[in-house]
Amino acid sequence: MSILRSVVGIGGARDSAASVSRRDAWARRLPLLPAFIYVFLVTQIPFVLTIYYSFFSWNLLKPGSFRFSGLDNYLLLVTDESVRIAIWNTVLLTVSVIAISVILGMAVAMLLNSEIFGKGILRTLMIAPFLIMPTAGALIWKHTLLNPLYGLLPYVLGPLGLGRVDWVGQFPMVTVVIVEVWRWTPFMMLIILAGLQSQNPEVLEAARVDGANAFQSFRRITLPLARPFIELGALLGSLFVVQTYDSIYMLTYGGPGEDTTNIPFLLYKVAFQGYSIGQASAIGVVAVIFTIIIATFALRTLFTIFQVEARR
Amino acid sequence: MRATEGPLRSKVLWSVVGWLVVLVFFFPVLWMWLESLKTEPQAASSPPTIFFVPTLSTFQEVLSGDFPPFFINSAIASIISTFLVLVLGLPAAYALAIRPVKRTQDFLFFFISTRFLPFAASLVPLYLLARDLQLLDNILALILIYTTINLPLGVWLLRSFLLEIPNDLFEAARVDGASFRHEILNIVVPLIAPGLAATSLICLIFSWNEFFYAVNFTSSVAATTPIFLVGFISGRGLFYAKLAAAATVSSLPVLLAGWIAQKQLIRGLTMGAVK
């Protein structure tokens with residue numbers, strides 16, 4: 001019945017780790033070390049270097065331009081308008097994509113959890129958008145679905161007066177949100193569906209017998225049960241969506257102007273078009289701080305789920 | 001009579017709703033396939049061509065052109081990095097599950113936190129390092145980076161599978177005096193073969209679709225499949241069918257892997273938390 005397992009904490013430790021001798025402790029640690037050292041070297045040392053570079057002014061194209069500049073890069077972040085725009089775009093994109101895809105994902109999960117024909121096939125078809133290569137998906141949307149001349153959508157929406165809409169040009173952020181929602185709804189659906197399937201159908205049946213209507217049983221039974229799964233999906237999803245780069249690169253290239261430039265794309269522009277290593281590093285540090293804030297909530301939720309499960 | 005009719009009617013109704021909603025989501029994929037089977041004039045016609053005689057000529061054109069090297073690079077980067085994840089990850093998962101080290105939780109926390117460290121955190125130094133080591137446009141750089149991206153996930157997932165093995169099996173082996181290597185190869189690997197397969201598939205999905213490092217660390221020699229698609233960004237000329245065919249072939253491995261591993265997909269995406 002329980003579909004969550006206590007991966008962390010209780011149930012994890014099989015021997016009492018405190019009672020083992022020193023030699024044994026090293027024998028135990030040894031298998032862990034290669035992976036630990038590898039991940040440490042490739043993620044932590046570069047991050048320390050990023051912090052270090054963020055205090056220097058350095059243009060890769062100008063040899064000898066490497067010099068200490070104190071907090072200049074950070075001051076520039078505060079005063080530079082494109083940074084503010086990028087932060088706003090990141091928040092706007094992440095919040096709207098997660099909110100919409102959670103709602104749609106919940107709806108689809110409930111459909112797939114009800115008594116309907118062909119559930120297995122529907123689930124299989126539904127996860128396809130998540131599996132399609134993001135760069136490929138973005139281009140298919142841009143060229144074959146949304147193109148104002150040859151695209152299918154303007155043609156279909158023609159009778160509604162939306163026939164000649166240049167989606168990518170006129171509504172760039174809406175376009176990016178649509179494509180990302182298309183991609184992330186299946187992800188939310190999968191996680192929420194797993195939550196719904198752990199529900200005992202007899203409880204709903206009992207509520208129905210007791211005279212609860214559909215809305216009441218949704219609010220009082222289904223939603224509370226699905227909540228931890230919704231939170232988990234939303235938080236894991238945000239950690240990915242905050243980093244959106246593929247579809248922006250393919251759909252709008254951050255434009256027009258800076259209308260769809262988010263933090264990762266700004267970083268790309270500063271590092272690989274401006275070659276400002278110090279400035280890019282400062283953006284990197286800020287991005288990490290943002291991510292740590294979200295990740296803290298994500299991990300707390302993850303651990304809460306494990307603990308709730310462990311208590312059962 | 002009514003009691004049986006009512007549920008059936010509502011079942012049919014909800015089935016129709018369900019199919020419509022799911023088909024809306026699946027439609028872009030279907031449309032990609034349809035476009036790939038058209039000729040270029042058919043693919044870029046207004047109004048869109050709905051009825052046509054399917055042809056595989058565009059696939060032939062793509063596969064006989066400059067596409068295959070990109071595909072092969074993707075395969076090399078994905079397969080080797082996945083192999084490295086298993087080789088490094090399985091012993092680590094063992095140390096965190098079967099005979100847990102002290103501070104197991106801290107290690108788990110460390111691994112997972114690196115998975116969520118944005119690429120912004122290490123991009124610049126890694127780029128400079130790759131440049132200095134002559135690893136730019138070298139598939140080795142992508143292999144090492146993809147191993148880093150997937151290793152935390154691999155450790156968590158493999159551990160979640162290892163925890164399912166009954167402890168008695170290991171104790172019996174230890175009583176018999178089995179070495180660590182023996183224990184891993186003769187007990188662990190056969191028992192968690194499904195877990196190894198699931199972990200591999202998840203790693204393959206992430207590394208196959210990876211774009212950020214691929215586009216910034218490679219240019220021609222080591223460029224992977226998503227980079228081939230970059231050539232289709234600007235919209236000049238008749239290229240929709242070719243784009244659709246290239247997108248279809250590029251997406252095929254992950255689509256198939258994901259469909260085959262459907263049951264494990266959710267487990268992989270939630271680090272083993274949701275089964």
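Reply: Happy to. One idea first: helix axes here are lines fitted to C-alpha atoms over the stretch in contact, and angles run from 0 to 180 degrees between N-to-C directions. Keep in mind that this is a predicted model.

Me: Okay, at what angle do helix H7 and helix H10 of chain B pack, and how far apart are their axes?
Reply: The angle between H7 (residues 139–162) and H10 (residues 193–209) of chain B is about 155 degrees, and their axes are 10 Å apart. Angles over 145 count as roughly antiparallel, so H7(B) and H10(B) are roughly antiparallel to each other. Their crossing is right-handed.

Me: Which residues make that contact?
Reply: From H7(B), they include B:Tyr146, B:Ile149, B:Leu153 and B:Phe161. On the H10(B) side, B:Ala198, B:Ile202, B:Cys203 and B:Phe206 are among them.

Me: And what classes of residue are in the contact of H7(B) with H10(B)?
Reply: Ten are nonpolar and five are polar, with no charged residues.

Me: Let's hop to chain A. How do helix H10 and helix H12 pack there?
Reply: H10 (residues 172–197) and H12 (residues 214–241) of chain A have axes 9 Å apart and an angle of about 145 degrees. The crossing of H10(A) past H12(A) is right-handed.

Me: Who takes part in the contact, and what classes are they?
Reply: A:Glu180, A:Trp184 and A:Phe187 are among the residues from H10(A), while H12(A) brings residues including A:Leu225, A:Phe229 and A:Val241. By class, the contact has 13 nonpolar, four polar and one charged residues.

Me: How many residues does each chain put into the contact between A and B?
Reply: Chain A has 91 residues in contact with 87 residues of chain B. The side of chain A that touches chain B has 68 nonpolar, 16 polar and seven charged residues.

Me: What domains does chain B have?
Reply: The domain assignment gives domain 1 (2–56) and domain 2 (60–269). Their C-alpha centres lie 33 Å apart.

Me: How many residues of those two domains are in contact?
Reply: Eleven residues of domain 1 of chain B are in contact with eight residues of domain 2 of chain B. On the domain 1 side, helix H1 (2–36) and helix H2 (40–43) of chain B each supply at least two residues. The largest share, four residues, comes from H1(B). That side of domain 1 has six nonpolar, two polar and three charged residues.

Me: New topic: where is B:Tyr240, and is B:Tyr240 buried or exposed?
Reply: B:Tyr240 is in helix H13 (residues 240–260) of chain B. A residue counts as buried if 20 or more other C-beta atoms lie within 10 Å of its own. B:Tyr240 has 27 within that distance, so it is buried.

Me: What does B:Tyr240 touch?
Reply: Leaving out residues up to four places away in sequence, B:Tyr240 touches A:His143 and A:Thr144, along with B:Glu35, B:Glu40, B:Ala43 and B:Ala44. Also, the C-alpha atoms of B:Tyr240 and B:Met32 are 9.4 Å apart, though these residues are 208 residues apart along the chain.

Me: Last one: which residues have a positive phi without being glycine?
Reply: A:Tyr253 is one of them, with phi near 50 degrees, and B:Asp137 has a phi of about 60 degrees. A:Tyr253 is in the loop between H13 (246–251) and H14 (263–272) of chain A. B:Asp137 lies in the loop between H6 (123–132) and H7 of chain B.

Note on methods:
Residues numbered from 1 in each chain as written. Chains lettered and ligands numbered in written order. Predicted model: local features only at pLDDT ≥ 70, side-chain atom pairs only at ≥ 80, totals over all residues. Contact = placed C-beta atoms within 7 Å. Nonpolar A, V, L, I, M, F, W, Y, C, P; charged D, E, K, R; others polar. Domains from an automatic or database assignment. Buried ≥ 20, exposed ≤ 12 C-beta atoms within 10 Å, placed from the backbone. Parallel < 35°, antiparallel > 145°, perpendicular 65-115°, else oblique. Left-handed = near helix turned anticlockwise from the far one by under 90°.
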